[in-house]
Amino acid sequence: MSILLETKEELLKRIDISSITVERVVVGIFFTGVKLSSGHGGMCATPVKAIPAAVCCPSSAKEMPFSGKMEGRSIEWILDQLDSTHILLKTIAIAALNALSAMEFEKGGYEIDNETDSFDTVELHKDSTVVVVGALVPIIRKALQAECELYILEKDPSTLKRQELEHFVEADRFKEVVPKATHLIITGTTLINDTLDGLLAAAPEDADIIVTGPTSSMIPDVFFRSKVKKLGGDIVRKPDECLDILSEAGSGYHLFGKSTEKILIQRN
């Protein structure tokens, strides 16, 4: 079972979802947001580049067959879309999973650090071997400054600058470089394209492994059982304000520290 589905099962053991419905959904350019009837919100990166059919109304409609019909649906139905072949439905389901996680976090069972960015916990030196999955600029910059061995796994190399392209590795060649990692920093969007489980399976047990980003803003239990040492994310503190911003093409710069708050949870 994938990390997503295991996390879903973990949450369903703890939360009675029978009366929880979806109050609001916004699919923004950068992030997708969900607000539940419980008042909790969650986000997920919007996988725009994964929707090649999004060029005209007839073909695009296939990717989101329930537009205008999401409000009032049960959270159970939404979570069932975690393994949907419709990428936008899956994205909404991940945002809903993060909203449920926000509810669980309120119970106080986790040591959550709201002061530290996950990238700031990475200590590099020349002997380090860093594998970055995604165009995570802060950690790429840090690795370049440390002059250590660096590999960047990215599906779209056009997002990388010339100096960064020297370290580019095609994403499907991950088994060649991930086993070498002393530090493995993974974007949470790997949860959307189902590549996270394979990356973690190939990683060394003793590597410093971080999964980070708004998409991975969920309870860490299953991640920590799967070699992950640190989980970074973003809690939606003001769901309506957050979704209003997303509806106007807002990005992280408009959200972080305002309607959302960064979190870091580390494995003991």
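Where is the place of Lys35? Select Lys35 and you land in strand β2 (residues 31-36); helices (H or I, at least four residues) and strands (E, at least two) are DSSP runs, numbered from the N terminus. Before going further, a word on what you're looking at: this is a predicted model, where local features need pLDDT of at least 70, side-chain atom pairs count only at pLDDT 80 or more, and totals for chains, interfaces and linings use all residues. Residues are numbered from 1 along each chain as its sequence is written, and side-chain values use heavy atoms, with hydrogens and water left out.

Stay on Lys35: is Lys35 buried or exposed? Lys35 has a relative accessible area of 10%, so it is buried (buried means under 20% relative accessible area, exposed over 50%, partly exposed in between, with a 1.4 Å probe and protein chains only). Show its contacts (heavy atoms within 4.5 Å). Leaving aside neighbours within four places in sequence, the contacts of Lys35 include Glu23, His40, Pro239 and Asp240.

**Next: strand β9**

Select residues 230-236, which make up β9. Seven of the seven residues of β9 are buried, so the strand is largely enclosed by the rest of the structure.

Strand β8 (residues 208-212) pairs with β9 in the parallel sense over two bridges, and Ile210 has Lys230 as its bridge partner in β9. Strand β10 (residues 260-266) runs antiparallel to β9, joined by seven bridges. There, Gly232 is partnered by Leu264.

Click on Arg237, in the loop between β9 and α10 (239-247). With a relative accessible area of 47%, Arg237 is partly exposed. Beyond its neighbours within four places in sequence, Arg237 is in contact with Asn114, Ser259, Thr260 and Glu261. Draw a line from Arg237 to Asn114: they are 123 residues apart in sequence and 12 Å apart in space, C-alpha to C-alpha.

**Looking for empty space**

Rolling a probe the size of a water molecule over the atoms shows where empty space is left. On a 1 Å grid over the protein atoms alone, a cavity is a set of points where a 1.4 Å probe fits but cannot get out, while a pocket is an open set with protein on both sides within 12 Å along at least five of seven lines; lining residues have an atom within 4 Å of a point.

The second largest pocket holds about 190 Å³ of space. It is lined by 13 residues, and Ala102, Glu106, Ile235, Val236 and Arg237 are the closest to its centre.

For the largest cavity, select Ser2, Ile3, Leu4, Thr190, Leu191, Asp194, Leu196 and Asp197, which line it. About 40 Å³ of space lies inside.

**Last stop: the core**

Finish at Phe223. It is one of the residues that touch the most other members of the largest nonpolar core, which has 72 residues (a nonpolar core is a set of buried Ala, Val, Leu, Ile, Met, Phe, Trp, Tyr and Cys residues joined through side-chain atoms within 4.5 Å). The largest share of this core, 14 residues, comes from α4. Apart from it lies another core of 16 residues, among them Phe119 and Val130.

Technical notes
Points joined across faces, edges and corners; volume = space filled by probe spheres on them. Pairing = 2+ DSSP bridges.
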